[in-house]
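I opened a new notebook page for this chain. My plan is to look up the overall picture and then follow a few residues through it.

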Amino acid sequence: MGLFDKAKKAAQQAQEAFAQPQQGDGRVHVQGAGGMINPAVIGGPSTSSVASDDPIWQPINGISLQEYADIARVAQVRGVTDEAGMIAIAQERGRDPADTKAALDGWVQRMGQSMAVGQQFRKFLGY
């Protein structure tokens, strides 16, 4: 399974709804998770709200979640389905391949930790 497929799967696990900041509380909330048991108790991604200034949102090697989604969107348009192709797209944008690999892996890992990250990724992709 390619990195893009992993990211898409992680984001899909974060449900179809998007993370939306609620009125001024400075947190990103997982939409559609009300009443469900938090999967984090069994090793899945957390449904807990995440503060907008939480370190989980910080860029990885300079690549933000928004930029990762931009790269993924270009990959979709070009029919790129593997990590090497995504790294090449990032390299076209001036990104170092090693930094990009670490960032792509890191964002997938963060999506596996928090549904809010996956939902935000899907929002940036336009879903």
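The entries below go from the whole chain to single residues.

**Entry 1: confidence.** I noted at the start that this is a predicted model. The mean pLDDT of the protein chain is 79, and I found that 65% of its residues reach 70 or more. I then looked up the stretch 14–23, where pLDDT stays under 50. The model still has 35 contacts beyond four places in sequence for these residues. Where pLDDT is low, predicted coordinates should not be read in detail. I therefore leave the details of that stretch alone.

**Entry 2: the chain as a whole.** I looked up the elements and got 5 helices and 3 strands. Along the sequence they follow the pattern α-β-β-β-α-α-α-α. The chain has 127 residues, and 43% of them are buried.

**Entry 3: the largest nonpolar core.** Which residues touch the most other members of this core? The core holds 25 residues, and I wrote down Leu65, Tyr68, Met86, Trp107 and Phe121 as the answer. The elements giving two or more residues are H2, helix H3 (83–92), helix H4 (97–113) and H5. H2 gives the most, with 6 residues. I looked at H3 separately and found Gly85, Met86, Ile87, Ile89 and Ala90 buried there.

**Entry 4: the aromatic pair.** My search for aromatic pairs returned 1. The pair is Tyr68 with Phe121, and it is stacked. Its ring centres are 4.8 Å apart, with 25° between the planes. Why does the pair tie together parts that are 53 residues apart in sequence? Tyr68 lies in helix H2 and Phe121 in helix H5 (residues 115–125), so the pair links these two parts. I checked the accessibility of both partners. Tyr68 is at 0% relative accessibility and so counts as buried. Phe121 is also at 0% and counts as buried.

**Entry 5: Trp107.** I listed the contacts of Trp107, leaving aside neighbours within four places in sequence. Among them are Ile56, Trp57, Gln58, Pro59 and Ile60. The list also includes Ile63, Ser64, Leu65, Tyr68 and Val117. On the face of the Trp107 ring I found Arg110, at 4.7 Å from the ring centre.

Entry 6: Ile63 sits in the loop between strand S3 (50–51) and helix H2 (65–78). Is Ile63 buried or exposed? Its relative accessibility is 0%, so I wrote it down as buried. Not counting residues up to four places away in sequence, Ile63 touches Tyr68, Arg95, Thr100, Ala103 and Trp107.

From there I went to Thr100, which is found in helix H4. Thr100 counts as buried because its relative accessibility is 0%. With residues up to four places away in sequence not counted, Thr100 touches Ile63, Ile87, Ala90 and Arg95. How far apart are Ile63 and Thr100 in space, C-alpha to C-alpha? I read off 7.4 Å, for two residues 37 places apart in sequence.

Entry 7: I looked up backbone angles next. Most residues other than glycine have a negative phi. Asn61, a residue other than glycine, has a positive phi near 50°. Its place is in the loop between S3 and H2. At 38% relative accessibility, Asn61 falls in the partly exposed class.

Asp96 lies in the loop between H3 and H4. Asp96 has a relative accessibility of 38% and therefore counts as partly exposed. I looked up how Asp96 and Asn61 are placed: they are 35 residues apart in sequence and 9.3 Å apart in space, C-alpha to C-alpha.

Technical notes. Residues are numbered from 1 along each chain as its sequence is written. This is a predicted model: local features need pLDDT of at least 70, side-chain atom pairs count only at pLDDT 80 or more; totals for chains, interfaces and linings use all residues. Side-chain values use heavy atoms; hydrogens and water are left out. Helices (H or I, at least four residues) and strands (E, at least two) are DSSP runs, numbered from the N terminus. Buried means under 20% relative accessible area, exposed over 50%, partly exposed in between (1.4 Å probe, protein chains only). Contact means heavy atoms within 4.5 Å. pLDDT is the predictor's confidence in each residue, from 0 to 100. Rings of Phe, Tyr and Trp (its six-membered ring) pair if their centres lie within 6.5 Å; planes under 30 degrees apart count as stacked, over 60 as edge-to-face and the rest as tilted. A charge sits over a ring if NZ of Lys or CZ of Arg is within 6 Å of the ring centre and within 35 degrees of the ring normal. A nonpolar core is a set of buried Ala, Val, Leu, Ile, Met, Phe, Trp, Tyr and Cys residues joined through side-chain atoms within 4.5 Å.
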